[in-house]
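Q: Could you help me learn to read how helices and chains meet in a model like this one? I would like to go feature by feature.

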Amino acid sequence: MAQKTLIYIVDDEPMQRELLKDNLEKMPAYEIHAFPTGEECLAASQVRIPSIVFLDYNLNSQVRDAMDGIDILKELKKISAEIEVVMISGQDQIEVAVNTMKYGAFDYIVKGEGAFLRAEKTVFNIYRYHKMAGDASRYKKLMIFFGVGMLIMIAVVVILQTKGLIRSSPSWY
Amino acid sequence: MDQLSQITDLSYLRSLTGGANDKMIKYIRMFLTGAPISIQQMELYTMSKDWSGLRQTAHALKPQLGYFGAKGSEELVKDIEKMAGEQSNLDRIPVQIENFKKQYEIISAELEKALRDLGN
């Protein structure tokens, strides 16, 4: 059986957390775990590095001195730059959420009725982005391989020509 | 209950859960457990003039009201959040919290009825 892609959700509000978790669990290829604080997510990420983290910006409604979303984002990127972080914010904090992109967030989602559909689409976008990045990397390697091959072939022809082992024009000329 | 005077509207939650009763019941129960704590916290933060705490609690409560279709109440809490965040019109905050408490009484009654209708 193929290994499931690991997704972590961090939200201090239980209902919001559960709604997002239930919604993403509809996608069978993903294993979802949810945490009420960023600190718990960081601890779990040290053990199993997730592919995607949905991270709320405000995380101190239950634990007043809890780290905020940006601090957690920075720590997650230290654990692995490959972790794709999707910031979640309220309507009034869109600017803050957009700013998180400069710290390496993949995208941001504004809480509200469209948020859960957007979350699913973002997971798909991340999958597509990584697939395209993988394809681009493979094409690049292939191009380098053919390029080197062509250079070797030209070098061999030039050497053989200078040694008079082959003629400069085909024999049927 | 008169359909027109309803504060809540569960149609969004119903579509989100695909009409799964167990999920609907779970979310309603979570809200009915968490919201009174949030209200209590908002009152305590107001009394202690902890505007940052009040803003944060109102901020966390606000989207939940939206999921239950209580748009008017969502706006009320948004107003509390804004006043606490900007530390403006502070004398209006206790009034708005009282207004929200009255609305919450209706919301909780409606959601309790919804729970019974859902067979819980």
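Q: When two helices pass each other, the crossing has a hand. Which hand does the crossing of α3(B) past α4(B) have?
A: Keep in mind that this model is predicted. Here, α3(B) passes α4(B) in a left-handed crossing.

Q: What angle do α3(B) and α4(B) make, and how far apart are their axes?
A: Helix α3 (residues 51–67) of chain B packs against α4(B) at about 160 degrees, and the axes are 8 Å apart. Angles over 145 degrees count as roughly antiparallel, so α3(B) is roughly antiparallel to α4(B).

Q: Which residues meet there?
A: From α3(B), they include B:Trp51, B:Leu54 and B:Leu65; from α4(B), B:Val77, B:Ile80 and B:Ala84 are among them. By type, the residues of this contact divide into eight nonpolar, four polar and six charged.

Q: Which residues of α5(B) are buried, and what do they pack against?
A: Among them are B:Phe100, B:Tyr104 and B:Ile107. The buried residues of α5(B) pack against α2 (21–47) and α4 (71–86) of chain B.

Q: And how many residues link the two chains?
A: In chain A, 16 residues are in contact with 14 residues of chain B. Helix α1 (residues 14–24) of chain A gives the largest share of chain A's side, six residues.

Methods. Residues numbered from 1 in each chain as written. Chains lettered and ligands numbered in written order. Predicted model: local features only at pLDDT ≥ 70, side-chain atom pairs only at ≥ 80, totals over all residues. Buried ≥ 20, exposed ≤ 12 C-beta atoms within 10 Å, placed from the backbone. Helix = DSSP H or I, 4+ residues; strand = E, 2+ residues; numbered from the N terminus. Contact = placed C-beta atoms within 7 Å. Axes fitted to C-alpha atoms, helices over the stretch in contact; angles between N-to-C directions. Parallel < 35°, antiparallel > 145°, perpendicular 65-115°, else oblique. Left-handed = near helix turned anticlockwise from the far one by under 90°. Nonpolar A, V, L, I, M, F, W, Y, C, P; charged D, E, K, R; others polar.
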